[in-house]
Amino acid sequence: MNHGEHELVATGGDDHHHDAEDIIIATGLSGSLELSGNILRLSKGGAFGMLLMVLGIEGGFVERSIRVSDISAVEIENPPFLFRYVRFSYQGAPTQSGNSIRDMLAENAIIMSLIDNRAFYRIKERIEGSMSH
């Protein structure tokens with residue numbers, strides 16, 4: 001089952017070379033991130049988005065593409081007794097309110113997985129690596 005070089009490998013392994021085809025996808029509780037080249041796609045929705053909508057909380061359904069060059073910070077927050085989440089700062093993004101729950105549910109944040117968050121850390125690393133160039 002060899003399809004040549006057009007096969008997409010989502011794991012990425014331990015190879016440290018990054019070409020334009022290297023896509024990292026991270027799926028969390030409140031949505032997913034897809035980093036491809038200079039574009040980060042933030043998608044929120046699913047069951048979690050429905051729950052927020054029922055509760056009357058905004059930010060449950062978001063589809064946004066952000067240029068990596070527009071991102072000024074990537075923070076992984078771990079508030080006590082709450083879910084770990086990743087937050088992106090960019091022009092026009094909500095600023096941190098100091099209220100962990102509001103920040104966690106903001107349109108520029110994704111609640112991370114309870115199990116395996118390696119892809120989130122790889123996205124953070126990749127974006128921060130591109131900031132230093």
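Colleague: Which backbone oxygen lies 3.1 Å from a polar atom of the side chain of Lys44?

Modeller: That is the backbone oxygen of Ala109. Bear in mind that we are looking at a predicted model.

Colleague: Where is Lys44 placed, and what does it touch?

Modeller: Lys44 sits in strand β3. Leaving out residues up to four places away in sequence, Lys44 touches several residues, including Ser30, Gly31, Gly60, Phe61, Val62, Leu105 and Ile110.

Colleague: How should I read the charge of Lys44: is the residue buried or exposed, and how far away is the nearest side chain of opposite charge?

Modeller: For a charged residue, look for a salt bridge, which needs a nitrogen–oxygen pair within 4 Å. Lys44 is buried but has no salt bridge, and Glu107, the nearest side chain of opposite charge, is 8.2 Å away.

Colleague: Now the nonpolar side. Which residues should I look at in the largest core?

Modeller: The general idea is that nonpolar side chains tend to be buried together in soluble globular proteins. Here the largest nonpolar core has 21 residues, and those touching the most other members are Leu33, Leu40, Val86, Phe88, Ile123 and Ile127. Strands β1 to β6 and helix α3 each supply at least two residues of this core. The largest share, four residues, comes from α3.

Colleague: What does Ile123 contact beyond its neighbours in sequence?

Modeller: Setting aside neighbours within four places, Ile123 is in contact with Ile24, Ala26, Leu33, Leu35 and Leu40. There is also a second, separate core of seven residues, among them Phe48, Leu52, Ala109 and Ile111.

Colleague: Which stretch has a pLDDT below 50?

Modeller: Where pLDDT is low, the predicted coordinates should not be read in detail. The chain averages a pLDDT of 86, with 83% of the residues scoring at least 70. Residues 1-18 are the stretch below 50, and beyond near neighbours in sequence this stretch has seven contacts in the model.

Methods
Residues are numbered from 1 along each chain as its sequence is written. This is a predicted model: local features need pLDDT of at least 70, side-chain atom pairs count only at pLDDT 80 or more; totals for chains, interfaces and linings use all residues. Side-chain values use heavy atoms; hydrogens and water are left out. A nonpolar core is a set of buried Ala, Val, Leu, Ile, Met, Phe, Trp, Tyr and Cys residues joined through side-chain atoms within 4.5 Å. Buried means under 20% relative accessible area, exposed over 50%, partly exposed in between (1.4 Å probe, protein chains only). Contact means heavy atoms within 4.5 Å. pLDDT is the predictor's confidence in each residue, from 0 to 100. Lys and Arg count as positive and Asp and Glu as negative; His and the chain ends are not counted. A polar contact is a pair of N or O atoms within 3.5 Å; within protein, one must be able to donate a hydrogen and the other to accept it, and residues adjacent in sequence count only if both atoms are side-chain atoms.
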